[in-house]
Amino acid sequence: MNQISKKSDNIEVPTNPIIPFIEGDGIGKEVTVAVQKIVDKAVEKAYRGDKKISWKEVLAGEKAYNKLGTWLPTETLDAFRKYLIGVKGPLTTPVGEGIRSLNVALRQELDLYVCLRPVRWFKGVTTPLLHPEKVHVTIFRENTEDIYAGIEWNAGTPEVEKVLKFLNEEMGVAKIRFPETTSIGVKPVSVEGTERLVRAAIEYAIANKLPSVTLVHKGNIMKFTEGGFKKWGYALAEREFPEDTFTENKFNKIKTEHGLDAAVKAYNKAVEEGKVFIKDVIADAFLQNTLLKPEEYSVIATLNLNGDYISDQLAAMVGGIGIAPGANINYKTGHAIFEATHGTAPDIAGKNIANPCSLLLSVVMMLEYMGWNEAGRLIINSLEKLFSQGIATNDLARFMKNGQAKSTSEFANEVILNL
Ligand code: NAI
């Protein structure tokens with residue numbers, strides 16, 4: 001059997017797993033070819049030929065549309081369902097009403113509820129921060145709920161009129177300022193949706209021996225949705241992980257009942273015992289704090305919209321918006337798609353200058369998810385070495401001290417040489 005499968009809490013990976021991949025549009029082709037070449041070499045080197053990935057191309061985006069007349073063939077979804085994990089290059093978002101974003105469609109079909117974004121700095125990469133080495137954050141962004149659920153009605157339509165009438169007449173909502181010209185969006189946030197996301201973040205922190213999980217929210221304003229996220233997140237930590245976590249909630253309770261000294265003592269004891277500290281922060285303060293004291297944050301659990309903003313800010317802080325990796329995961333079923341976080345870059349497509357690192361680091365996340373950490377480590381070591389020497393594709397090299405710009409294929413060869 002060459003199929004990865006889910007066995008109770010873990011995934012089982014054969015030595016020669018079939019992994020479906022979507023090449024992607026625009027620069028997708030160039031970066032996918034480069035990444036597969038590097039990953040194959042790293043796996044060969046790490047396991048001396050005992051392990052090997054069998055890549056299986058599946059179609060989506062322009063390539064699928066040109067060949068089959070459909071943007072997202074059912075065979076592609078079936079392959080991701082069957083083989084559990086896969087890789088995706090960037091896809092053009094088809095223009096026109098009624099056509100869903102392919103990325104959103106894939107996430108929804110497989111219920112990939114965690115958008116996972118690790119953020120770290122590579123020595124040599126130019127960034128806007130004085131101390132980018134202090135940034136070591138992993139973001140767990142909820143992927144299926146919130147104002148991003150796509151439940152909205154356009155101003156002036158009979159549908160929005162119906163919703164406004166309901167709100168006004170049945171719910172007593174009188175504070176919509178301009179009802180005649182208002183569009184309405186709905187923000188669903190559930191206990192289940194919150195719990196599965198926060199659970200994944202806490203389990204990740206425990207497994208990787210990380211110091212804290214921060215719940216980032218705007219619960220001060222949106223009390224039942226974002227406030228619910230905070231409340232349910234704390235409750236989950238205290239109920240399901242009492243041995244492995246210590247919450248800010250608990251700290252405050254001890255402080256109220258026994259004074260600050262007792263609370264600090266309890267906190268210090270928890271830190272000594274290696275417990276994960278669960279805390280929370282309001283989203284706007286968090287964005288400021290990440291610039292002023294990034295070392296205070298480790299794992300972040302947040303809602304969909306906050307997570308979107310946070311991911312890009314943190315990636316930019318390490319100079320890596322073009323090299324930021326990402327994955328969309330369902331930890332219950334084991335399904336996961338590892339993807340480039342940038343788009344198809346039509347302005348540079350076909351020029352062999354695209355940076356393959358976003359997809360490459362996403363595939364390193366995949367190797368770690370598979371338990372093939374040794375191969376992932378070889379790639380990271382190679383990148384660290386190259387970046388510290390100023391060797392990179394032009395998008396990074398032009399800002400580096402002694403930067404030497406390489407083409408996509410030259411850079412891939414350099415990574416392989418330094419594995
Ligand atoms: P983009 O990310 O494709 O490009 C933005 C800028 O970054 C461009 O100047 C581009 O040259 C540069 N860039 C992006 N990736 C790069 C790389 N690997 N190496 C060097 N430079 C890179 O965003 P844009 O232009 O807004 O979107 C183009 C298309 O991509 C649209 O159809 C959009 O819907 C789609 N898109 C797809 C995504 C996905 O599949 N996950 C994500 C974002 C956009």
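Here are my notes, point by point.

1. **Ground rules.** This is a predicted model, so to speak of local features we need pLDDT of at least 70, side-chain atom pairs count only at pLDDT 80 or more, and totals for chains, interfaces and linings use all residues. Residues are numbered from 1 along each chain as its sequence is written, and side-chain values use heavy atoms, with hydrogens and water left out.

2. **Helix α1.** Let's start with α1, which runs over 28–47. Helices here are DSSP runs of H or I with at least four residues, strands are runs of E with at least two, and both are numbered from the N terminus. α1 has 20 residues and spans 28 Å from its first C-alpha to its last, close to the 28 Å expected at 1.5 Å a residue. That expected span is 1.5 Å times one less than the number of residues.

3. **What α1 hides.** Buried means under 20% relative accessible area, exposed means over 50%, and partly exposed is in between, using a 1.4 Å probe and protein chains only. Cover is judged by contact, meaning heavy atoms within 4.5 Å.

4. E23 sits in the loop between β3 and α1. Is E23 buried or exposed? E23 counts as buried because its relative accessibility is 11%. Its side chain makes a polar contact with the side chain of K63, at 3.2 Å. A polar contact is a pair of N or O atoms within 3.5 Å; within protein, one must be able to donate a hydrogen and the other to accept it, and residues adjacent in sequence count only if both atoms are side-chain atoms. Not counting residues up to four places away in sequence, E23 touches G28, K29, T32, E57, K63 and G89.

5. **Two positive phi values.** Most residues other than glycine have a negative phi. Just after α1, though, R48 takes a positive phi of about 45°. R48 belongs to the loop between α1 and β4 (54–57), and R48 counts as exposed because its relative accessibility is 74%. D146 also has a positive phi without being a glycine, at about 75°. D146 lies in the loop between β7 (136–142) and β8 (152–153), and with a relative accessible area of 1%, D146 is buried.

6. L305 is in helix α11 (residues 304–317). At 22% relative accessibility, L305 counts as partly exposed. Leaving aside its neighbours within four places in sequence, L305 is in contact with D146, I147 and Y148. L305 and N143 are 162 residues apart in sequence, but their C-alpha atoms are 9.1 Å apart in space.

7. **The ligand.** Which residues come nearest to the ligand? Of the 19 residues around it, they are L91, T93, G343, A345 and D347. A residue is near a molecule or strand if one of its heavy atoms lies within 4 Å of it. A ligand oxygen is 2.7 Å from a polar backbone atom of G343, and a ligand oxygen is 2.9 Å from an N or O atom in the side chain of D347. A polar side-chain atom of H342 lies 3.2 Å from a ligand nitrogen. Taken alone, the ligand exposes 810 Å², and the protein buries 64% of that; these areas come from the Shrake-Rupley method with a 1.4 Å probe.

8. S358 is in helix α12, and S358 counts as buried because its relative accessibility is 0%. The S358 side chain reaches the backbone oxygen of A324 at 2.8 Å. Beyond neighbours within four places in sequence, the contacts of S358 include A324, P325, T341 and H342.

9. **One more loop.** D244 is found between α7 (226–240) and β11 (245–247), and D244 is partly exposed at 34% relative accessible area. The C-alpha atoms of D244 and K275 are separated by 4.9 Å, although the two residues are 31 apart along the chain. Setting aside residues up to four places away in sequence, D244 touches I206, K275 and V276.
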